[in-house]
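The model is shown first, and the points follow by topic.

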Amino acid sequence: MGKLQGLLFGLATLVLVVTATVLFTKDWLPPLMSDRVGIDHAISITLVVTGIVFILTNLLLAWFGYRYQDQPGARAAYWHDNPRLEWTWTLVTAGVLAVFLFNALGLWASVNARPPADAMLIEVTGQQFAWNVRYPGPDGVLGRTDHLIASQENPIGLVKDDPAAKDDLLLLNQLYLPLDKPVRVQVRSMDVIHSFFLPNFRVKQDAMPGMTIEIWFTAKQTGDFEIACAEHCGLGHYRMRGQVHVVPAAELDKAVTEAAQ
Amino acid sequence: MAHSEAHAAEAHAHAPQAFIWRYVFSKDHKVIGIQYYVTAMMMALIAGLLAMLIRVQLAWPEKDWSSLQKIIPAGYTSGVMNPEFYAMLFTMHGTIMVFFVLSTAPVSGFGNILIPLQVGARDMAFPFLNGLSFWTFFCGCVTILYSFFVGAGAAAAGWTSYPPLSALRGAVPGSDTGQTFWIVAMVFFIASFTMGGLNFVTTIVNLRTKGLSMMRLPLTLWAMFLVAILGLLAFPALTGASLMLLLDRHFGTSFFLPTGLVLNNAPILGPDGQFLHKGGSPLLWQHLFWFLGHPEVYILMLPALGFTSDILTTFCRKALFGYKAMVGAMVAIAGLSFIVWGHHMFVSGMSPYLGMAFAVGTILIAVPSAVKVFNWLATLWNSRIQYKTPMLWAMGVVSLFISGGLSGIWLGQSAPDIQFHDTFFVVAHFHLIMAGAALFGVFGATAMWFPKMFGRTMNETLGKTHFWLTFVTYYGTFFPMHYIGLAGHMRRIYDPYQYAFLKPLQPINEFITVSALILGLSQIVFFVNFFWSAFKGQKASENPWNANGLEWTTSSPPPHGNWPGAIPEVHRWPYEYSNPSAPTDHVMQHEPPMTVEAGH
Amino acid sequence: MATDLFDARAPLAPPVAARAGAPVGPVVLDDDDRDDGGGGRAFDPARFGLWAFLGTVTMLFIGFTSAYIVRRTAVDWRALPVPHLLWWNTGALVLSGLAVEAGRARWRGRDRASLVRWLGAAALLALGFAAGQFQAWRLLAAAGYFLASNPHSSFFYLLSGVHLVHVGGGLVWFGLVCLRLRRGRRTEAGMDRELSLFATYWHFLAVLWVYVAVLIFGF
């Protein structure tokens, strides 16, 4: 029975390793549509390194579990310290992780870098339970908002009298992005915390009431994709679904200008 | 000697006789530990049922659940689950599991049972406070369970209770009265945990028997010691935050509520026609919550790591490899746990510089974690494994620690976390490493120390059956969540199939649910084993596993005062197994110093 | 030995007997058995526990402090006027601690009656502090500063309230100390110890209050 248990444990671990390996080699990530390819690279490297560690440690666990079973006459070794070994595996682990960290921090810095000067400005305001998208229009300036005047007809409280607001274009749950042109999105919220999530773009930013948080990225392929809310915001959290449309930049500029008139 | 014998006699003389003082309002750590343990198991049943309902909804939201509606009419309408019910399900599952089950069973349960025994003391340092801590905890349990039945239901803003969702009473039904009960329950819980923590840390530091230096402690005790310190230093942040949330909810303050809030297209105004709230910060809640929250998850996990070292060595008859490194690793994990909380907040809008700092700490904490795994593997190498139930669970902990720990490296890198935050990838990670390690640790500790608790051993056949069913279905439930998380499946989503990109994942959700249902049903085997063995199990000797700790030097179960005579003194570390120079294959901690024939 | 799949009854392997014919020579089987007394025997568990508890309370106020600092920078911050009464309250609490110390000094000479008198004075001063705090709240409310008026006032009420709760706990303990003194439930050494522990907590509360006052009105 001991032998069987050991065999079973080893086998179960092996099955786990094989299943995990097979499944992790499939491409699960939503196809990448933005310039944040650095994130996908980091994920791939992480998969390879942690995958190797996973396989090795589990193989050892399976092998030791099977091989070192209690047999008549068997005796455990008396070996409980080896400072050299300890230092070796500690420093190797630290070294590998340091490389990870270095790479990760560089990537983080680039994601959080200043947007290019020609980035197109868009504002996304989350509310229970919809995404209010606003384009500043030809003047490039977003009109003032005052939450005191927010209402059913004016969900983001746009101050209509503000000259900058006259050419603002408002959409509900629809986001149009220019192809190959950086956009900077100012993420806001009217009520509770939401999270602006574009799975295909590796973009996620919590929408914090009381704050305006800016992120930027570039869409690299045309097509229609989805916006999801990624922060529990109430009973309609599951239906805060929007649509992203990536269209040629010139087309978008034209459409926004036309809508302003 | 005479002193402690007098004490023992005194202890006998003072042993309570009436049922109520012996078993209900007891000051005996063994009784209190069992009270905590059993209560936590009952809470686990409830939280587990909540999880089953979540899984059924995620797999088959479109099905007609009128059958469930009959049992829980408030949760369903026309056979379809209500979204607010779903929000309450995941909130309460998380809250009850994290605090009332997994902070309790391994810590307050086994900590109470084992600390005085392993340390060589008659009882905890403050027995009255100990009893008080249990009944305070019980009040917390009653409060949180009662919250299911108030007005608009129990809290529904997630176990993390982020404001404004948790602070604005109209933002979600559970934020009406349920959230207030949540806060009150947490205050009871934290008070209880603090009392327990004071007892743990004082007993371990001050009441060790002669010869038991800190570097001769079993790792279980090191874990309990560190957990107590973590709790004493970290929980106050949540106490403070909870009080501020209470004020925001009921007294119009603005600790966490910024200006400009508009709920249901109606601005939230004060009597003067201006915004009621001004200048509060939702981020402040997150910082305070996670300042507790991160050490909290290590509170859940460290005891299991301690149990694993003790169980592994006993059942593979080999000394623990790298005792100093193992202690150092646990201390490092505990210390680092205080400076990584922001990794829960990478996309929250906090300063990117803070994000950098937290990423560094988070990746660093992987080093001591890896060291522990390597030391366990080295312990197993060239050992002599006996596959009893406790051993299976301990090896299960090692397996889960590897799986869950590695996914932490994915999440700790701040940029990739942009894709994973608030998806099922996170759910996979913490269920494997935290919940899984803690749960397997509890089951392993139960199998190991059941004889000490009840004087009988648990049934091996049932134990092994329970392990295999749980091990396989645990992985079957949580490992696939990595994949759907990678695919972008968000957390806390009542109906994922509203999204085109999530529709193809339904078969995987179905697989996970079937696995989870079997996992849930498998726990019946445990309950049967536990209660049957407690009354009818084979009677246990003093030391059924031939282990080394001081708890195995007294009867099973120990008498009031733990040792009928003098308390044993300690002469060595607790991992003296298979020393070739020894006359026996293990030398217990209390056996006198030996001089033997040399030989290797 | 042939056994079925799950052999619940098979015992663990018996201890291995020492090998015969091994080379001769003594080997001490344990690491060096220094008697460190195990367990900090010189240190009173109750004192240790008290300091651990003071650590927890300190962390609570550190949490409040960090919240205060964050909130301090927001635009809706308004200065709060200092009720002069607070100076008197602070004085009362500090004096109460000094009275306890005076009583302890007398007790060292085993002057029971003096101890009782000083403890009585300390109790009165403490009750004076509590009453003064309640009055300070009323004064502020009368001046238009309520809990939710602005974050500064919110913090004042919250921190002084939480502090007062801890003073309340201290007063309960104070009552128990006096009861034990009266009923002779403690030996003289035991009384020394209890007074010492109580005094530690009492001084902590005074220091904490000064800290809260400086934080709220100094920054």
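A residue counts as buried under 20% relative accessible area, as exposed over 50%, and as partly exposed in between. The model is predicted.

**Lys220(A) and Asp180(A)**

- Lys220(A) has 43% relative accessibility and is therefore partly exposed.
- Asp180(A), at 47% relative accessibility, also counts as partly exposed.
- These two residues form a salt bridge in which the closest N and O atoms are 3.5 Å apart.
- The bridge links distant parts of the chain, 40 residues apart: Lys220(A) sits in the loop between β8 (213-218) and β9 (223-229) of chain A, and Asp180(A) in the loop between β4 (174-178) and β5 (182-189) of chain A.

**Glu226(A) and Arg241(A)**

- A salt bridge joins Glu226(A) to Arg241(A), with 2.5 Å between the closest N and O atoms.
- Glu226(A) belongs to strand β9 of chain A and Arg241(A) to the loop between β9 and β10 (242-247) of chain A, so the bridge ties together parts 15 residues apart in sequence.
- Glu226(A) has a relative accessible area of 8% and is therefore buried, whereas Arg241(A), at 29% relative accessibility, counts as partly exposed.
- Elsewhere, salt bridges that share partners join Asp70(A), Arg317(B), Arg384(B) and Asp585(B) into one network.

**Arg134(A) and Glu123(A)**

- Arg134(A) and Glu123(A) form a salt bridge, their closest N and O atoms being 2.9 Å apart.
- The partners lie in distant parts of the chain, eleven residues apart: Arg134(A) is in strand β2 (residues 130-135) of chain A, and Glu123(A) is in strand β1 (residues 120-127) of chain A.
- Both Arg134(A) and Glu123(A) are buried.

**Helices α5(B) and α7(B)**

- Helix α5 (residues 83-101) of chain B packs with helix α7 (residues 127-146) of chain B at an angle of about 175°, and their axes are 12 Å apart.
- An angle over 145 degrees counts as roughly antiparallel, so α5(B) and α7(B) are roughly antiparallel to each other.
- From α5(B), the residues Met92(B), Thr95(B), Ile96(B) and Phe100(B) meet Phe137(B), Gly140(B), Cys141(B), Ile144(B) and Leu145(B) of α7(B).
- By class, this contact of α5(B) with α7(B) has seven nonpolar and two polar residues, and no charged residues.

Conventions
Residues numbered from 1 in each chain as written. Chains lettered and ligands numbered in written order. Predicted model: local features only at pLDDT ≥ 70, side-chain atom pairs only at ≥ 80, totals over all residues. Heavy atoms only, no water. Axes fitted to C-alpha atoms, helices over the stretch in contact; angles between N-to-C directions. Helix = DSSP H or I, 4+ residues; strand = E, 2+ residues; numbered from the N terminus. Parallel < 35°, antiparallel > 145°, perpendicular 65-115°, else oblique. Contact = heavy atoms within 4.5 Å. Nonpolar A, V, L, I, M, F, W, Y, C, P; charged D, E, K, R; others polar. Salt bridge = Lys/Arg side-chain N within 4 Å of Asp/Glu carboxyl O. Buried < 20%, exposed > 50% of the residue type's maximum accessible area, 1.4 Å probe, protein only.
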